[in-house]
Amino acid sequence: MAKSGTVFLVGAGPGDPDLLTLRAARLIGGARLIVHDGLVTRGILALAPAGAELVSVAKARARHTMPQHRINALLVREALAGRDVLRLKGGDPFVFGRGGEEAEACRAAGVPVEVVPGISAAMGAAAAAQIPLTHRDHASIVSFVAGQCKGLTEQDWTGLAGAGRTLVIFMGVRTAPQIAEKLIDDGLAPDVPVAVIERACQPQMRVLRGPLAGLAALVEAEQVVSPALIVIGAVAAEGDLALTRIVEGMRA
Ligand code: SAH
């Protein structure tokens with residue numbers, strides 16, 4: 001039997017090739033087989049050698065090009081056939097990236113795995129919008145939550161947002177109205193600052209700000225598209241406002 005290849009679970013960061021780690025850039029530059037998500041930008045895939053095989057397993061919310069168990073099976077199959085597989089994911093593989101499931105599948109099959117961290121969209125978006133996630137005057141607790149998950153409305157988010165806290169919501173564009181409602185029902189002030197960072201670290205980036213009570217209207221009026229992050233808390237009013245469009249009528 002051929003010696004197993006290794007599966008490299010690699011974070012590609014938020015989109016700008018300059019934000020790859022050196023390790024990721026080196027692995028991409030030497031890859032023969034890359035299995036990537038829809039979040040991995042063209043500029044990053046362009047760093048792959050001409051002969052590399054690129055397989056997209058793009059996941060859109062309602063359009064699963066390839067279900068997770070088939071992605072796991074693909075990684076394992078190729079590695080067991082002796083190929084190194086570069087599994088390239090947006091942001092960091094272990095932040096809402098299902099990297100845990102893929103690593104588990106590889107370990108179960110006896111396939112060696114290496115995980116290479118990436119700059120999560122939370123870090124990328126914060127830097128690009130100059131919104132500090134922590135700040136001695138505003139927040140000493142940061143939470144990352146998925147806005148699109150099983151049983152969103154039943155989840156207990158109390159304590160995640162509010163004074164001294166920053167809440168960063170991934171995959172929350174579609175559920176923004178329910179998120180705002182849920183947080184306000186939980187007692188969060190309707191005028192808590194919110195920032196929406198769309199396509200962070202990419203040329204088309206937009207930073208939109210307003211109060212929590214206006215979040216649904218903001219997302220709707222501005223036709224915010226995925227990928228976008230929602231930051232809720234006092235820090236969302238910080239940073240370089242020149243980068244921001246504060247939408248008329250959305251002020252607290
Ligand atoms: N592993 C990724 C997250 C994958 S979940 C990471 O660490 O960043 C997908 C969600 O990430 C998107 O719905 C969006 O909320 C966020 N996201 C990913 N890339 C983004 C980007 N460039 N700008 C804004 N949000 C982004």
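**Exercise 1. Which residue just after α4 takes a positive phi, and of about what value?**

Before we start: this is a predicted model, in which local features need pLDDT of at least 70, side-chain atom pairs count only at pLDDT 80 or more, and totals for chains, interfaces and linings use all residues. Residues are numbered from 1 along each chain as its sequence is written, and side-chain values use heavy atoms, with hydrogens and water left out.

*Solution.* Step 1: find helix α4, residues 99-108; helices (H or I, at least four residues) and strands (E, at least two) are DSSP runs, numbered from the N terminus. Step 2: go just past α4 to Gly110, where phi is positive at about 75°.

**Exercise 2. Find the buried and the exposed residues of α4, and say what covers the buried ones**.

*Solution.* Step 1: apply the cut-offs, where buried means under 20% relative accessible area, exposed over 50%, and partly exposed in between (1.4 Å probe, protein chains only). The buried residues of α4 are Gly99, Glu102, Ala103, Ala105 and Cys106. Step 2: look down the axis. These residues cover an arc of only 160°, so they sit on the same side of α4; the arc is that of the directions from the helix axis to the C-beta atoms. Step 3: turn to the face away from the buried side, which carries the exposed residues Glu104, Arg107 and Ala108. Step 4: list the cover, which includes β1 (7-11), α3 (68-80), β4 (85-89) and β5 (113-116).

**Exercise 3. Is Ser143 buried or exposed, and which residues does it contact?**

*Solution.* Step 2: its relative accessible area is 12%, so Ser143 is buried. Step 3: set aside neighbours within four places in sequence; Ser143 is then in contact (heavy atoms within 4.5 Å) with Leu160, Thr166, Leu167 and Val168.

**Exercise 4. Locate two residues that have a positive phi although they are not glycines, and a cis peptide bond**.

*Solution.* Step 1: recall that most residues other than glycine have a negative phi, and most peptide bonds are trans. Step 2: Gln130 has a positive phi of about 55°. Gln130 belongs to the loop between α5 (121-129) and β6, and its 46% relative accessibility makes it partly exposed. Step 3: Arg199 has a positive phi of about 50°. Arg199 lies in the loop between β8 (193-198) and β9 (206-211) and is partly exposed, at 29% relative accessible area. Step 4: the bond from Ser226 to Pro227 is cis, with omega near 0°; Pro227 is in the loop between α7 (215-221) and β10 (228-232).

**Exercise 5. How far is Arg42 from Asp16 in sequence and in space?**

*Solution.* Step 1: find Arg42 in helix α2, where it counts as exposed at 76% relative accessibility. Step 2: Arg42 and Asp16 are 26 residues apart in sequence and 9.6 Å apart in space, C-alpha to C-alpha.
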